[in-house]
Structure formats: structure tokens, C-alpha cells
Amino acid sequence: MALRVAFNATPLLSPLTGIGNYIVHLGAALAASGEVDLYSFYGGEWLREAPSPPVAGVRGPITATIRDAIKSAVPFKRELRQAHRQWKFVRGARRNAIELYHEPNYVPFLADAPVVITIHDLSWMRYPETHPRDRVRWLDHAMPRAIERAAAILVDSEFTRQEVLTTFGIDPARVHTAHLGVSTTFRPRSNAETRPTLDALGLVHGEYVLTVGTIEPRKNIRHVLEAYAALPDATRTRHPLVIAGAKGWRAGDLEKALRALVERGLIRFLGYVSDDDLPTLYAGAAAFVFASMYEGFGLPPLEAMASGVPVLVADRASLPEVTGDAALKLDPARPDDTALKLASMLEDPAVHDDFARRGLTRAAGFTWDACAQATLRVYRRVNGAA
């Protein structure tokens, strides 16, 4: 019989982030395995299905505007919201006879069943200035107890595994790496395939440099701007810089700087790009740059690789583990060196094509099916010990 697994899909009620995509893609792969019977919890509602983003007007009794207004007016809002969801979760888990509960977003609800949690990174500890203060306080307070209660802990990379082991002093046998996967929507596309989307954005296939990531200090977009500014004028004229990403925490000053550069015609700032358009945006790029200072995994470089685009990536945190020798590495402290490496990708066809080929091969090794199989091995281990 399939194992009855509860999956907390509450993050899907907000705009999709990295954790939201993890929930959707891993949930779909787990459901396809036939080994689990998934029950998704949406903050108050339980559905017997793989987690999926809400359809407008179908799920979620409160609009984002009303929710945000309540957040600003109600004290102890996080605690009150969590207490209400905790009550709903326990009732539903008992009613559905849940046998294992997977919390994909760090801190689990209290539950009668064995608990598996996913810790994606320790960014709130390493870069607390990139998170709201109440989130940092909450995670500082909640994570030690979450780790103590968890029957097993999943992480996205060996880098994060070592950070978790070192920071929390956990038995290594309890912490398991399950590399994330790349959606099959990311693939090489021809000029004809990308033209409708790129024409609407005023871009030309194969003639722009792309960076993708939330607009926040940790993503180190300033480094990309400095490196791009150091390119020869002719190179920048042929290859405009395109930045795609939603506004993150403490993004105000950076967003102002980006908009000022846009007004001067030096870059293109697209803001949030829909899941429908993002694969095409990747596939049309001449090169992809990712200078993030800290990632627990870092999907954007792999998504670019899967799209047949050569990648230049920071030599920090998990990124060397994920990209291997299939990406050129940059030093986040040396934009001048990044400019030289980026210029070689743009101006030397041999370098461009070599890293494009390497990237395709590397990305093919990261699938959501493989992530699901690694996750299922943890489920079986926990269920067997329960």
C-alpha cells in the first residue's frame, strides 16, 4: 500500500519562490512514483493531491491585499497565524490517517506522525541582513526544536549538509542530501521558438547577457553591474544586460539603482518573469551570469545550462558542487576578472560553445525523478523505523 504522506503546501499561497518550485516539482515526481499517497495542506485546507499552485478564485479565502493589510495591523501576526494553521493541520492529519509528514519549508507543525524536514540553506544565519528580522528571530528560536523533532533531515547539497552538521552538531546519519532537479521546460530553443516572447520584451535571440535572481543583497547583482560596466563599449552595445527577478528583502536601494540604469539605456530590468516566459528568456541568452554570495543549491545556473547557455557562476557555497567544471567560475570580489571571463564567452565562439555543451551534459544529471527517489529512500528508512 502507498504510504500516506502529508506535504505542507502553504508556501504555494504566495508567489512562487525557490521553495515553492521545490514543493511543486518534488510533489509531482513523488506522486508519479506510485509509492506515496500525497495529502497537501494549504494553510487550512487539505486536498488529496500533489501540491500545486492555487488557481485564482479557487483556493485561498483571502486575497493578498487583505492579508497584507491584516499583517500590518495585527500584533504577533506570525504566532497567531501559525497557531491557527497548527490546529487545522493536526485535525486534518488525524482525519486522513497520515503516516509520515514532510515539511519542505524548514519548521514543521507539531504532528503525531514521524516528521521529515527539508533545510534548504542557513542563509538566515549566514546573511541575516537579507531576511526580515522577525523571520530571523523565528528561525533562530524554532530550528533547534525542529531538528530535534525530525526523524530525518533532507538538504539540497553536500555543502548545506556539512553546514547543518557543523552548526547544529547532528548525527550525520540523520541528514541526507537530495540534489534538486531541473524542470524539462528548460531546454535549448531555436530563434523561431523564442521570437514571440523575445519580440514582446524587445530582445534578440543570442544577443543579451542574462542574470536571474531575487533582487536582494545576497544575490550580488552589484557585482554583475560592475563587471558588465567594465566590458568594452562595443561588447555592451552588442550584448545588453538583462536582469530578471522579483523584489526581495531590503531591495529598495538596489532597485532604485537598477531603474536609474534602465532610464539611461544601459541595462534591461524585467522584474518578475512568469514561469511561462522564463524558459524562453534563458534559451535566448548569449551567456548567463550568477554572482550570488550564498546558495544552498542554486537552480538558475542549472536552468541556464539545461537551456544550452554558457554559464559564469560564483565560486562560493554550493555553486561549485552543483555546476562542476561545466561553468566558468567568478570571484565575487573581482568584477574586473569577471568582465574578462564574460568577454571571452561573448567574443570567442570556441569558449562559448564549449561551456554550452558542458552545461547541457551537466544539467542532464539533475532530475526531479532522481530527487524524488532520494527522498523516497529517506521516507522508507523513517517509516521502517517508526
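Trainee: Is Phe159 buried, partly exposed or exposed?
Mentor: This is a predicted model: local features need pLDDT of at least 70, side-chain atom pairs count only at pLDDT 80 or more, and totals for chains, interfaces and linings use all residues. Residues are numbered from 1 along each chain as its sequence is written, and side-chain values use heavy atoms, with hydrogens and water left out. Buried means under 20% relative accessible area, exposed over 50%, and partly exposed in between (1.4 Å probe, protein chains only). Phe159 has 22% relative accessibility, so the residue counts as partly exposed.

Trainee: And Tyr294, buried or exposed?
Mentor: Its relative accessibility is 4%. That value makes Tyr294 buried.

Trainee: What kind of ring pair do Phe159 and Tyr294 form?
Mentor: Rings of Phe, Tyr and Trp (its six-membered ring) pair with centres within 6.5 Å; planes under 30 degrees apart are stacked, over 60 edge-to-face, the rest tilted. For Phe159 and Tyr294 the centres lie 5.8 Å apart. Their planes stand at 70 degrees, so the pair is edge-to-face.

Trainee: How many residues apart are Phe159 and Tyr294?
Mentor: Helices (H or I, at least four residues) and strands (E, at least two) are DSSP runs, numbered from the N terminus. Phe159 sits in helix H6 (residues 158–168). Tyr294 sits in the loop between S11 and H12. The pair links distant parts of the chain, with a separation of 135 residues.

Trainee: What is the angle between the planes of Tyr127 and Tyr294?
Mentor: The whole structure holds 14 aromatic pairs. The pair of Tyr127 and Tyr294 is tilted, at 5.8 Å centre to centre. The angle between its planes is 50 degrees.

Trainee: Which loop holds Tyr127?
Mentor: Tyr294 lies between strand S11 (287–290) and helix H12 (299–306). Tyr127 lies elsewhere, so the pair ties together parts 167 residues apart in sequence. With a relative accessible area of 21%, Tyr127 is partly exposed. Its loop runs between helix H4 (123–126) and H5.

Trainee: Which residues make up the ring cluster?
Mentor: Ring pairs do the linking here. The members are Phe41, Trp46, Phe89, Tyr101 and Phe109.

Trainee: Which strands are the edges of the seven-stranded sheet?
Mentor: The sheet is open, with mixed pairing and the order S3-S2-S1-S4-S5-S6-S7. Strands pair if DSSP finds at least two bridges between them. An edge strand pairs on one side only, as do strand S3 (46–47) and strand S7 (175–177).

Trainee: Which residue of S2 stands opposite Leu3?
Mentor: Strand S1 (residues 3–8) and strand S2 (residues 36–41) run parallel, joined by six bridges. In S2, the residue opposite Leu3 is Val36.

Trainee: Which strands does H5 touch?
Mentor: Contact means heavy atoms within 4.5 Å. Helix H1 (residues 18–33) packs on the sheet, touching S1, S2, strand S4 (100–103), strand S5 (115–119) and strand S6 (152–155). Helix H5 (residues 133–149) also packs on the sheet, and the strands touched by H5 are S5 and S6.

Trainee: Which residue of S10 faces Leu241?
Mentor: Four of the five residues of strand S10 (residues 267–271) are buried, so S10 is largely enclosed by the rest of the structure. Strand S9 (residues 241–244) pairs with S10 in the parallel sense, over four bridges. Opposite Leu241 stands Ile267.

Trainee: What phi does Gly308 take?
Mentor: H12 is mostly covered, with eight of its eight residues buried. Among them are Leu299, Glu303 and Met305. Just after H12 comes Gly308, with a positive phi of about 80 degrees.

Definitions and conventions: Axes fitted to C-alpha atoms, helices over the stretch in contact; angles between N-to-C directions.
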